[in-house]
Amino acid sequence: MNQKNESYFLDFLGAPAQRALVNELGISRLEDLTRYSKKDLLRLHGFGPSSIPKIEEALKKMGKKLKD
């Protein structure tokens, strides 16, 4: 349950993708994802291609985007 508390800002993603971002990359804020490209994210265990559009939309609302 502690994991869920740490990744509440990623609630729009499935649990495996959340775990990958928090545990493998140390993501603590949505903005942290701007340091990574789609290719970087897709290399993570538990992170699939269906998560990319969700992340891009969330970042777009903040005026940010994934690394090119």
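Ser 51 is buried, at a relative accessible area of 6%, where buried means under 20% relative accessible area, exposed over 50% and partly exposed in between (1.4 Å probe, protein chains only). This serine belongs to helix 4, helices (H or I, at least four residues) and strands (E, at least two) being DSSP runs that are numbered from the N terminus. The model is a predicted one, in which local features need pLDDT of at least 70 and side-chain atom pairs count only at pLDDT 80 or more, while totals for chains, interfaces and linings use all residues. Residues are numbered from 1 along each chain as its sequence is written, and side-chain values use heavy atoms, with hydrogens and water left out.

- Leaving aside neighbours within four places in sequence, Ser 51 is in contact with Leu 13 and Ala 17, contact meaning heavy atoms within 4.5 Å.
- Lys 54 also has its place in helix 4, but this lysine is partly exposed, with a relative accessible area of 40%.

**Nonpolar core**

- The largest nonpolar core has 19 residues, of which Leu 10, Leu 21, Leu 30, Leu 33, Leu 41, Phe 47 and Ile 55 touch the most other members; such a core is a set of buried Ala, Val, Leu, Ile, Met, Phe, Trp, Tyr and Cys residues joined through side-chain atoms within 4.5 Å.
- Helix 2 (15-25) and helix 4 (51-61) each supply at least two residues of this core.
- In soluble globular proteins, nonpolar side chains tend to be buried together.
- Ile 55, when its neighbours within four places in sequence are left aside, is in contact with Phe 12, Leu 13, Leu 21, Leu 33, Leu 41, Phe 47 and Leu 66.

**Helix 2 and the loop that follows**

- In helix 2 the buried residues are Ala 17, Gln 18, Ala 20, Leu 21 and Val 22, and just after this helix Gly 26 takes a positive phi of about 75°.
- Ser 37 lies in the loop between helix 2 and helix 3 (38-42), where this serine is buried, with a relative accessible area of 12%.
- With residues up to four places away in sequence not counted, Ser 37 touches Lys 67 and Asp 68.

**Salt bridges**

- A search of the whole structure finds six salt bridges, each defined as a side-chain nitrogen of Lys or Arg within 4 Å of a carboxyl oxygen of Asp or Glu.
- Arg 35 pairs with Asp 32 in a salt bridge whose closest N and O atoms are 3.8 Å apart; Arg 35 is partly exposed, with a relative accessible area of 47%, whereas Asp 32 counts as buried at 6% relative accessibility.
- Those two residues, together with Arg 29 and Glu 31, are linked in a network of salt bridges.
- Between Arg 43 and Asp 40 the closest N and O atoms of the salt bridge are 3.2 Å apart, with Arg 43 exposed at a relative accessible area of 59% and Asp 40 partly exposed at 24% relative accessibility.
- Lys 65 and Asp 68 meet through their side chains in a salt bridge of 3.6 Å, N to O; Lys 65 is exposed, with a relative accessible area of 54%, and Asp 68 likewise counts as exposed, at 79% relative accessibility.
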